[in-house]
Amino acid sequence: MTVTVTPQEFRFVHFDAAETARIAADVAALLGVDRPVRIEIDETTPLARTRIELGDEIVLHIESGAFEDTKRPRHQSEATTAASLGRCLLKARDRLSGGFGEAPPDADLSLQQTAAWDTYCAARLARLGLTVNQQRWRYNYRNRFGFTDAADAAFETVWAADGLTWGELQAITGAAAS
């Protein structure tokens with residue numbers, strides 16, 4: 001499995017392409033992803049959006065904020081990079097495995113759908129030993145589904161789940177949205 005990172009040299013942020021490639025290879029191996037991965041980083045924005053393209057290779061479009069150390073702006077955090085790459089690669093793996101084949105393209109996902117899928121990915125990464133802040137994801141989930149007992153119960157179900165399909169994830173989170 002190969003990983004390529006662009007750009008190779010950064011001008012606006014203190015990132016390291018070789019380190020990013022190493023982290024991506026480690027996370028891909030942990031997740032059992034065997035397709036080539038290309039990571040394209042937009043270092044001109046502090047935002048943290050990510051977008052995935054699937055083909056012969058997995059292409060990850062990453063805004064630099066997704067890899068940033070929250071205590072040191074414009075500097076890369078290994079833990080944040082691993083968690084962001086892990087969420088992207090899990091989503092790619094989910095789509096490729098068939099259980100998420102009916103999920104809309106990333107650009108068409110609602111904020112609620114994105115929050116639910118990110119929560120599901122973050123929980124699986126935490127169980128694999130990556131550094132994940134559960135409270136961050138709980139807060140993100142509550143912001144999208146409401147600060148209610150039903151939303152909290154749905155979060156707990158999603159957080160504990162493994163092996164969900166897109167339809168099952170939507171069914172769990174649909175009750176929270178009602």
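Which residue in E2 stands opposite Val-5? In this predicted model, the residue facing Val-5 is Ile-39 of E2. The two strands concerned, E1 and E2 (residues 37-42), run parallel and are joined by four bridges.

## Strands and sheet

E1 and E2 belong to an open sheet of four strands, in the order E1-E2-E4-E3 and with mixed pairing. Strand E1 (3-6) and strand E3 are the edge strands; each has a single partner, so one side of each has no neighbour in the sheet. From one strand to the next, the twist averages 15°.

One of the residue pairs here is Glu-53 with Val-59, the latter in E4. Three residues connect E3 to E4 in a hairpin. Asp-56 is placed in the loop between these two strands. Its relative accessibility is 76%, and a residue counts as exposed over 50%, so Asp-56 is exposed. The C-alpha atoms of Asp-56 and Pro-36 are 7.6 Å apart, with a sequence separation of 20 residues.

A further hairpin is made by E5 and E6, with two residues between the strands. Strand E5 (residues 68-69) and strand E6 (residues 72-76) are antiparallel and paired over two bridges. Asp-69 has Arg-72 of E6 as its bridge partner.

## Backbone exceptions

Most residues other than glycine have a negative phi, and most peptide bonds are trans. Two places in this model depart from that pattern. Arg-74 is not a glycine, yet has a positive phi of about 70°. Arg-74 lies in strand E6 and is partly exposed, with a relative accessible area of 43%. The peptide bond between Thr-6 and Pro-7 is cis, with omega about 0°. Pro-7 sits in the loop between E1 and helix H1 (17-31).

## Cysteines and buried positions

How many disulfides does a search of the whole structure find? The search finds zero. Cys-88 takes part in no disulfide, and the cysteine sulfur nearest to that of Cys-88 belongs to Cys-121, 8.7 Å away. A disulfide needs the two sulfur atoms within 2.5 Å, so the 8.7 Å between Cys-121 and Cys-88 is too far for a bond. Both cysteines count as buried: Cys-88 has 3% relative accessibility, and Cys-121 has 0%.

Leu-89, in helix H2, is buried as well, with a relative accessible area of 1%. The C-alpha atoms of Leu-89 and Glu-19 are 17 Å apart, and 70 residues separate the two in sequence. Phe-155 is in helix H5 (residues 149-160) and counts as buried at 1% relative accessibility. Thr-119 is 36 residues from Phe-155 along the chain, while their C-alpha atoms are separated by 7.7 Å.

The table collects the accessibility values given so far.

| Residue | Relative accessibility | Class |
|---|---|---|
| Asp-56 | 76% | exposed |
| Arg-74 | 43% | partly exposed |
| Cys-88 | 3% | buried |
| Leu-89 | 1% | buried |
| Cys-121 | 0% | buried |
| Phe-155 | 1% | buried |

## The largest pocket

The largest pocket holds about 1,100 Å³ of space. It is lined by 38 residues, and those closest to its centre are Ala-48, Arg-87, Asp-118, Arg-136 and Trp-137. Sorted by class, the lining comprises 16 nonpolar, 11 polar and 11 charged residues.

Which elements each supply at least two residues of this lining? They are strand E3 (50-54), strand E4 (58-63), helix H2 (78-97), helix H3 (111-127) and helix H4 (134-145). H2 gives the most, with seven residues.

Technical notes: Residues are numbered from 1 along each chain as its sequence is written. This is a predicted model: local features need pLDDT of at least 70, side-chain atom pairs count only at pLDDT 80 or more; totals for chains, interfaces and linings use all residues. Side-chain values use heavy atoms; hydrogens and water are left out. On a 1 Å grid over the protein atoms alone, a cavity is a set of points where a 1.4 Å probe fits but cannot get out, and a pocket is an open set with protein on both sides within 12 Å along at least five of seven lines; lining residues have an atom within 4 Å of a point. Grid points are joined across faces, edges and corners, and a volume is the space filled by probe spheres set on the points. Ala, Val, Leu, Ile, Met, Phe, Trp, Tyr, Cys and Pro count as nonpolar, Asp, Glu, Lys and Arg as charged, and the others, Gly among them, as polar. Buried means under 20% relative accessible area, exposed over 50%, partly exposed in between (1.4 Å probe, protein chains only). Two strands pair if DSSP finds at least two bridges between them. Axes are lines fitted to C-alpha atoms, for helices over the stretch in contact, and angles run from 0 to 180 degrees between N-to-C directions.
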